[in-house]
Amino acid sequence: MKSAAGALVWTRSQSAQPGGLDLHISGTHYFDPNASPTGGAIVLASAVTLPKSIGSLRLRSRDPRAAPHIHYNFFHDPNDLDRLVEAVRLSRKIGRTAPFSDLIDHEIAPGRPVDDGELRANIVAFVDAYLHPTSTVPMGADSDPTAVVDPWGKVRDVEALRVVDASILPDIPSVPTNVTTIMVAERIAEKLTAEHPSRNSNEVKRQHTLHTSKLETSVRVEA
Ligand SMILES: Cc1cc2nc3c(=O)[nH]c(=O)nc-3n(C[C@H](O)[C@H](O)[C@H](O)COP(=O)(O)OP(=O)(O)OC[C@H]3O[C@@H](n4cnc5c(N)ncnc54)[C@H](O)[C@@H]3O)c2cc1C
């Protein structure tokens, strides 16, 4: 089945901060339609976009080619699971409501009424990452002891070293991270270009892009 249209629900959980949009439900095709008896399937992917649980990233070696150890630490804060339960309940409600329900033959999973405990166990068993990790070397003010870089990506107490990528966002944003990262990078590149007017702006951007991952790696080893 080919996607004909897309839709997104972006809303607040019962425990959202004022103004915070912490739940996200999107219609996706991440399911093999052959696994459906009708030959078509829609996934309503439910997400907590502002998780409270904090994961970790640890380097295994100084070899930049060695994959790091990533610990997502899902549901360390129980409120994340409470909110994901809310999102899944809402997605099931959407699936049962017209005009959406007119398009649907039946719910594949769970496919039957489930109690709260079963729903929680199911979410924990099948949870996956949205692949929007950020903030391993967050930016912040001089007074912030957790800030690895300043607001321009400059690594504190290290000469001529900047990190310019998603890792410097001070907090995970509730929006998808790609555009946010591009915006931060463009802003910092603009400043560097202004500081080095003799250098071609694309050259500055390229050099800083290429440097960041490698240099970030050695910073993390030292940390
Ligand atoms: C499968 C997937 C789907 C996603 N979908 C979306 C989406 O739909 N919308 C959205 O907004 N975001 C999405 N994201 C997240 C988004 O891609 C990232 O937030 C964004 O790319 C982060 O930018 P970055 O510059 O920090 O890192 P990256 O884009 O990962 O850039 C890092 C770069 O460094 C290079 N590099 C790594 N190591 C070295 C080294 N040692 N030396 C030199 N170069 C090196 C890499 O090759 C890469 O080009 C998705 C992510 C994934 C993985």
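The legends below describe several close-up views of a predicted model.

Residues are numbered from 1 along each chain as its sequence is written. Because the model is predicted, local features are reported at pLDDT of at least 70 and side-chain atom pairs at pLDDT 80 or more, while totals for chains, interfaces and linings use all residues.

**View 1. The protein as a whole contains 5 helices and 5 strands.** Of the 223 residues, 15% count as buried, where buried stands for 20 or more other C-beta atoms within 10 Å of a residue's own, exposed for 12 or fewer, and partly exposed for values in between, with C-beta atoms placed from the backbone. Among contacts between residues at least 6 apart in sequence, 52% join residues at least 24 apart; a contact requires that the two C-beta atoms, placed from the backbone, lie within 7 Å.

**View 2. An open sheet of 3 strands has the order β1-β2-β3 and antiparallel pairing.** The edge strands are β1 and β3, each of which pairs on one side only, and neighbouring strands of this sheet are turned by 15 degrees against each other on average, direction ignored. Two strands are said to pair if DSSP finds at least two bridges between them. Strand β1 (residues 8-11) is joined to β2 by 4 bridges in the antiparallel sense, and β2 is joined to β3 by 6 bridges, again in the antiparallel sense. L23 of β2 stands opposite T11, and L23 also stands opposite V48 in β3.

**View 3. Helix α1 (residues 78-95) lies across β2 and β3.** The helix has 18 residues and reaches 26 Å from its first C-alpha to its last, close to the 26 Å expected at 1.5 Å a residue, the expected span being 1.5 Å times one less than the number of residues. The direction of α1 runs at about 155 degrees to β3; axes are lines fitted to C-alpha atoms, for helices over the stretch in contact, and angles run from 0 to 180 degrees between N-to-C directions. D80, R83, L84, E86, A87 and V88 are the buried residues of α1, and they pack against β2 (23-28), β3 (43-48) and α3 (116-126).

**View 4. The axes of α1 and α3 come within 10 Å and cross at roughly 105 degrees.** The two helices are therefore roughly perpendicular to each other, a label given to angles of 65 to 115 degrees, whereas angles under 35 count as roughly parallel, those over 145 as roughly antiparallel and the rest as oblique. On the side of α1 the contact is made by L81, L84, V85 and V88, and on the side of α3 by L119, R120 and I123.

**View 5. The largest nonpolar core has 12 residues in all.** A nonpolar core is a set of buried Ala, Val, Leu, Ile, Met, Phe, Trp, Tyr and Cys residues joined through C-beta atoms within 7 Å. This core is made up of V137, M139, V148, V149, V163, V164, A166, I168, L169, V184, I188 and A189. Apart from it lies another core, of 6 residues, among them A47, V48, A87 and V88. In soluble globular proteins, nonpolar side chains tend to be buried together.

**View 6. F75 and A160 have a positive phi although neither is a glycine.** Most residues other than glycine have a negative phi, and most peptide bonds are trans. F75, with a phi of about 65 degrees, is found in the loop between β5 (69-71) and α1, and is partly exposed, with 19 other C-beta atoms within 10 Å. A160, with a phi of about 50 degrees, has its place in the loop between α3 and α4 (177-195), and counts as exposed, with 8 C-beta neighbours inside 10 Å.
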